[in-house]
Amino acid sequence: MPGIKDLRNKITIITGAGSGIGRSTALAFARKGADLVIADLSEERLAEVAREIEVLGARVLTRQVDVSKREEVDAFAKFVHRERGRVDILHNNAGVNLSGTVAESSIENWEWIFGINFWGVLYGVKAFLPYMIERRYGHIVNTASMFGLCAPPATPAYNATKFAVVGLGEGLRAEVRKYNIGVTTLCPGIVNTRIVADSRMEIKDNSIVTRDNLVQFYEKFALKPECVANAVVKAVRHNKSVVPVGPDAWALWMTKRFSQTLSDGIMMLSSRMLFGKS
Ligand code: NAD
């Protein structure tokens with residue numbers, strides 16, 4: 001099945017578009033002439049991004065949506081259909097991070113992160129898919145992570161949400177092909193965005209995983225969100241399935257596919273680096 005080659009005037013919905021990967025992706029689609037509908041928790045961030053999109057000459061609608069609330073996502077889908085009459089591309093991108101081992105992190109925080117990173121994606125798919133099926137047309141991108149392909153220590157809740165998104169995408173892609181709908185699962189490595197600064201932290205012991213350390217590490221070594229945005233555009237145009245982005249994502253994915261034992265060894269080593277031997 002070919003992807004959507006010509007992005008001009010395509011109604012493109014992006015959640016979590018107020019910052020980072022979502023913002024850059026919205027701007028990349030705007031440059032290709034897409035017609036954007038952007039959503040986020042933060043109205044201020046949305047207003048800023050909308051101004052940037054308009055400067056590029058593209059059309060844009062904004063909507064404050066909490067993706068973890070099913071009724072808000074359903075109302076959002078109806079809003080888009082009412083305002084624009086159709087849905088061409090949906091990018092379920094909003095997401096958050098939680099640092100903390102299984103022993104340390106609270107069930108409440110696991111429920112919080114699953115609400116956004118997994119249920120937010122599923123609500124988006126369920127709300128918009130019927131419009132795509134009706135027209136036998138569309139493409140869905142779900143943002144997972146390289147941590148949806150391999151699971152490092154210190155972020156088990158985040159990893160679990162992203163593994164769930166990868167699993168959802170693989171089955172969904174096979175199911176909706178007959179309706180001429182493509183599905184991409186985006187798996188970036190580390191990207192320099194607000195995600196760490198805005199994350200919840202539940203690391204209590206001798207870990208070197210502090211917010212300041214992580215922010216500094218991301219500023220030095222992480223990929224720019226624009227690289228991920230370009231990968232999303234390419235994935236929609238060529239109907240790509242699983243899309244690792246960045247050398248770290250590719251290396252970890254290839255290692256895991258080559259040898260689970262080797263992958264386990266790397267995770268064990270990183271656990272020692274983060275928490276020491278005891
Ligand atoms: P970011 O914090 O810069 O942007 C996330 C946006 O999502 C924010 O504007 C925030 O307001 C919004 N958001 C948070 N909760 C929401 C909710 N309940 N409803 C609606 N919007 C909400 O982070 P980012 O790095 O651009 O993250 C985007 C996606 O990319 C996430 O799914 C994240 O897990 C994923 N990702 C990030 C990285 C990375 O290293 N930054 C790597 C792989 C995957």
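Tutor: The model is predicted, so local features need pLDDT of at least 70, side-chain atom pairs count only at pLDDT 80 or more, and totals for chains, interfaces and linings use all residues. Residues are numbered from 1 along each chain as its sequence is written, and side-chain values use heavy atoms, with hydrogens and water left out.

Student: Which residues come nearest to the ligand?

Tutor: A residue is near a molecule if one of its heavy atoms lies within 4 Å of it. Here 29 residues are around the ligand; Ser19, Asp40, Tyr158, Val191 and Thr193 come nearest. The shell divides into 14 nonpolar, 10 polar (Gly counts here) and 5 charged residues.

Student: What lies 2.7 Å from an oxygen atom of the ligand?

Tutor: Look for polar contacts, pairs of N or O atoms within 3.5 Å. An N or O atom in the side chain of Tyr158 lies at that 2.7 Å. For Asn93, a backbone N or O atom is 2.8 Å from a ligand oxygen.

Student: How much of the ligand does the protein cover?

Tutor: Accessible area comes from the Shrake-Rupley method with a 1.4 Å probe. The ligand has 830 Å² on its own, and the protein covers 96% of that.

Student: How do β2 and β3 pair?

Tutor: Strands are DSSP runs (E, at least two residues; helices are H or I, at least four). Two strands pair if DSSP finds at least two bridges between them. Strands β2 (residues 35-40) and β3 (residues 60-64) pair in the parallel sense over 5 bridges. Val37 stands opposite Leu61 in β3.

Key
Polar contact = N/O pair within 3.5 Å; in protein donor to acceptor, adjacent residues only side chain to side chain.
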